[in-house]
Amino acid sequence: MAGKVLNYYAGGNTGRGFYSLFESNVKGLDRLFILKGGPGTGKSSLMKRLADEWGTKGYDLEIIHCSSDNDSIDGVMIPKLKFGMVDGTAPHIIEPTAPGAIEEYVNLGLAWDSKKLIREKENIVALHTEIKNAFQLAYVTFAKGLQEHDELEEIYFKEMNFAKANHLTKELIQQLFEDNRLSKAADVRHRFLGAATPQGAVDYIPNITEGLKKRYFLKGRAGTGKSTLLKKLAAAADERGFDTEIYHCGFDPNSIDMIVVRELSFAIFDSTDPHEYFPDRDGDEIIDLYLAAVTPGTDEKYAIEINEVHKRYKDKMKEGTVCLAKAKSLHDELEKYYIKAMDFSIIDRIYEEINEEIIRLENNLAPLI
């Protein structure tokens with residue numbers, strides 16, 4: 001029976017530039033292979049192959065998806081074996097804690113013919129520059145979108161009843177945790193709920209929340225305290241010793257969009273655009289902060305202003321997505337030069353060597369007879 005797969009992002013193209021949360025998700029591993037090499041050298045394919053093989057063997061996996069390429073992955077973890085493999089090239093650089101003992105660099109550049117790449121040096125350098133410029137323009141555009149979003153927040157912020165919001169939060173903390181505490185330190189992981197990608201906003205909420213008994217859908221508007229509520233719940237889980245997955249906003253990493261506490265089998269998440277969902281199974285419940293804590297009639301009172309700001313915000317998001325799509329197209333062109341220069345039989349040998357390492361980890365896990 002194939003193992004379960006948890007999908008998420010650990011890096012994002014945000015309104016604050018590229019933002020990495022990789023370090024939080026590779027801690028506690030006994031072995032971490034950090035892949036180095038140019039585009040088209042087979043990093044994602046190697047990790048997908050490994051995931052297929054070990055998932056088929058029945059091991060649960062964590063797949064870290066790439067926010068800049070919808071068809072690529074940036075990492076794969078086998079939690080039971082405390083093994084991980086990640087793309088360690090820019091912009092998500094991983095700093096080793098114990099090089100050689102835990103982390104191992106894998107240079108896929110061993111498989112390319114440098115002479116072929118040197119002949120295409122001018123084209124390669126030019127494409128690198130164009131890709132960098134496309135990403136930079138995307139980040140500038142998203143930053144402007146974030147400013148528009150802040151303006152939207154200010155409209156609702158001044159109509160908030162914070163006493164009501166705080167009361168609702170306290171009640172929710174009591175409802176979720178009651179008097180439960182665990183006599184251990186919480187393991188807290190920081191990830192992204194979704195990502196701005198070349199194909200637009202993408203999230204894995206259905207996968208992340210699969211199998212949980214309770215799901216709380218936070219409704220509301222920008223500035224109505226959804227992130228603040230989630231931060232307080234995350235602090236409560238941490239203080240009580242519960243392992244917590246904290247999912248940041250893929251647009252503004254300073255905001256929180258979801259927390260998951262599997263030891264209590266619940267998730268609570270911002271269920272508004274662009275990751276809007278509605279209850280569809282037993283245990284689902286809506287919490288509407290607009291209805292609970294905002295002056296009635298606020299939508300109507302500021303309707304014209306809200307529509308104008310919202311349109312400017314959405315326009316910037318669309319512009320940024322176009323920039324990401326351009327960067328992806330240029331990256332595809334760059335990959336072609338490297339693919340032509342690669343000897344993938346060498347990558348196959350590297351894969352087998354890494355696979356042998358995982359088998360040794362599996363054997364060490366096996367009980368002694």
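## Exercises on strands, rings and charges

In strand β11, Val202 is the bridge partner of Ala195. The structure is a predicted model, in which local features need pLDDT of at least 70 and side-chain atom pairs count only at pLDDT 80 or more, while totals for chains, interfaces and linings use all residues. Residues are numbered from 1 along each chain as its sequence is written, and side-chain values use heavy atoms, with hydrogens and water left out.

### Exercise 1: a hairpin

Work out how β10 and β11 are arranged, and which way the residues of β10 point.

Step 1. Locate β10 at residues 194–197 and β11 at residues 200–203; strands are DSSP runs (E, at least two residues) and helices likewise (H or I, at least four), numbered from the N terminus.

Step 2. Two strands pair if DSSP finds at least two bridges between them, and here four bridges join β10 to β11, with the strands running antiparallel.

Step 3. Two residues lie between β10 and β11, which form a hairpin.

Step 4. Gly194 and Ala196 point one way from β10, whereas Ala195 and Thr197 point the other way, and all of them are buried (under 20% relative accessible area; exposed is over 50% and partly exposed in between, with a 1.4 Å probe and protein chains only).

### Exercise 2: an enclosed strand

Find the strands that pair with β4, and say how many of the residues of β4 are buried.

Step 1. β4 spans residues 31–36, and five of these six residues are buried, so the strand is largely enclosed by the rest of the structure.

Step 2. One partner is β7 (residues 83–87), which pairs with β4 in the parallel sense over five bridges, and within this pairing Arg31 has Phe83 as its bridge partner.

Step 3. Another partner is β8 (residues 103–107), also parallel to β4 and joined to it over five bridges, with Tyr105 of β8 standing opposite Ile34.

### Exercise 3: aromatic rings

Step 1. A search of the whole structure finds 13 aromatic pairs, where rings of Phe, Tyr and Trp (its six-membered ring) pair if their centres lie within 6.5 Å, and planes under 30 degrees apart count as stacked, over 60 as edge-to-face and the rest as tilted.

Step 2. Tyr9 is buried, its relative accessible area being 1%.

### Exercise 4: the surroundings of Asp284

Decide whether Asp284 is buried or exposed, and which residues its side chain meets.

Step 1. Asp284 is in strand β16 (residues 284–288), and it counts as buried because its relative accessibility is 15%.

Step 2. Its side chain makes a polar contact of 2.8 Å with that of Arg215 (a pair of N or O atoms within 3.5 Å; within protein, one must be able to donate a hydrogen and the other to accept it, and residues adjacent in sequence count only if both atoms are side-chain atoms). The side chain of Asp284 also reaches the backbone nitrogen of Asp280 at 2.9 Å.

Step 3. Asp284 also meets Arg281 in a salt bridge between their side chains (3.9 Å, N to O), the term meaning a side-chain nitrogen of Lys or Arg within 4 Å of a carboxyl oxygen of Asp or Glu. Arg281 counts as partly exposed, at 30% relative accessibility.
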